[in-house]
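Dear colleague,

Please find the structure below, as promised. My notes on the ligand and its surroundings follow.

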Amino acid sequence: MQAITVQDREAGAGGLVLGELPHPHAAENDVIVQVHAAGFTPGELDWPGTWTDRAGRDRTPSVPGHELSGVVTELGYGTTGLTIGQRVYGLTDWARNGTLAQYTAVEARNLAPLPADVDHVTAAALPISGLTAWQALFDHAHLQTGQSVLIHGAAGGVGSIAVQLARAAGAQVIGTGRAGDRDTALGLGAHAFVDLQAEKLEDIGEVDVVLDVIGGAILERSTALVRPGGTLVTITEPVTVHPRDGRAVFFVVEPDRVRLSDLAHRVRDGRLNPMIGDVRPLTEAVAAFTPDKRTHGKTIIRVAED
Ligand SMILES: NC(=O)c1ccc[n+]([C@@H]2O[C@H](COP(=O)([O-])OP(=O)(O)OC[C@H]3O[C@@H](n4cnc5c(N)ncnc54)[C@H](OP(=O)(O)O)[C@@H]3O)[C@@H](O)[C@H]2O)c1
């Protein structure tokens, strides 16, 4: 099968190659999925799990990409809940071969059925951004109806989904980003927007929840904005500064079949719109890691036609 592999782990995107790999093996509890559309994270080539197993042993040539939408073609021993020919989507293991390939082995529990009327490209844009946004707002920050939430990077992958989910939950939503992101954030449902380059973040006053996707100085300055009893949740780096009278949480997104199903139904009903950027074939996946222009929305690799 054809796959993108990391050949040289020091070379970034320059170490990626499109070539032939053996068809994957379905281990216990795995399914094999024919990948129709795949997502990747631009920064993942810096993650050790991209080229090592859980014990830290080199597993190059390894396949990057951890988001997929496709069709089940084989069931490993002991898999439950999925059938051959079923449309599925989900988030794959960080320390195994990933989704920039024609086929991949995934633990069945990490995949959710995909409704027939949600297309593979849209579904492939959801697993990381959708699960991260949900887990940040509701599992870690326990956002409630009527509370206020500051969402940094509101026009980005995680932020754009978080704005829609928070608004649907009845929260008061303030988005941030660059000047050109204002209309996108407000269009997604933010009640207000702060241009981080031109406006003073501190002018918003206190909020119940901050969701940080930027880190650094923005993360530090945001701690002072958390109301007593509130939560700052970040996905960028372990927290070293805490709100004076609140919690600070850093987490890494986890697979969740039930939540994936809920997100797919929101997309199907038109309540959630993931932002799709470039859609490119597998032959252009290496180039997609280093785009020559800034693109809005998630880049998706179209591996197979429906
Ligand atoms: N811990 C986890 O489980 C987890 C999960 C998902 C993602 N992540 C990480 O979280 C980060 C965000 O992911 P994402 O997919 O949402 O990225 P993204 O699509 O690039 O979104 C980030 C948004 O923030 C904006 N932004 C960044 N720095 C800014 C600044 N200084 N001022 C104003 N706006 C700024 C970006 O604008 P520009 O595009 O103009 O820079 C973009 O709109 C990445 O580092 C990613 O690796 C972590």
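In the counts below, Ala, Val, Leu, Ile, Met, Phe, Trp, Tyr, Cys and Pro are taken as nonpolar, Asp, Glu, Lys and Arg as charged, and the others, Gly among them, as polar. On that basis, the lining of the largest pocket divides into 20 nonpolar, 15 polar and four charged residues. Please keep in mind that this is a predicted model.

The pocket

The volume of the largest pocket is about 1400 Å³. Its lining has 39 residues, and those closest to the pocket centre are T41, P42, G157, V158 and V213. Two or more lining residues come from each of α2, α3, β9 (172–177) and β15 (298–302). The largest share belongs to α2, with three residues.

The ligand

The ligand takes up the space of this largest pocket. It is surrounded by 18 residues, of which G157, R178, I235, V253 and R294 are the closest. This shell consists of nine nonpolar, seven polar and two charged residues. Both α2 (127–140) and α3 (157–168) supply at least two residues of the shell.

In the side chain of R178, an N or O atom is 2.6 Å from an oxygen atom of the ligand. A nitrogen atom of the ligand lies 3.4 Å from a polar side-chain atom of Q197. Taken alone, the ligand exposes 910 Å², and the protein buries 69% of that.

Regards

How values were computed: Residues numbered from 1 in each chain as written. Predicted model: local features only at pLDDT ≥ 70, side-chain atom pairs only at ≥ 80, totals over all residues. Heavy atoms only, no water. Near = heavy atom within 4 Å. Polar contact = N/O pair within 3.5 Å; in protein donor to acceptor, adjacent residues only side chain to side chain. Areas by Shrake-Rupley, 256 points an atom, 1.4 Å probe, with all protein chains shown as cover. 1 Å grid on protein atoms, 1.4 Å probe; cavity = no way out; pocket = protein on both sides within 12 Å on 5 of 7 lines; lining within 4 Å. Sits in = over half its atoms within 2 Å of the grid points. Helix = DSSP H or I, 4+ residues; strand = E, 2+ residues; numbered from the N terminus. Points joined across faces, edges and corners; volume = space filled by probe spheres on them.
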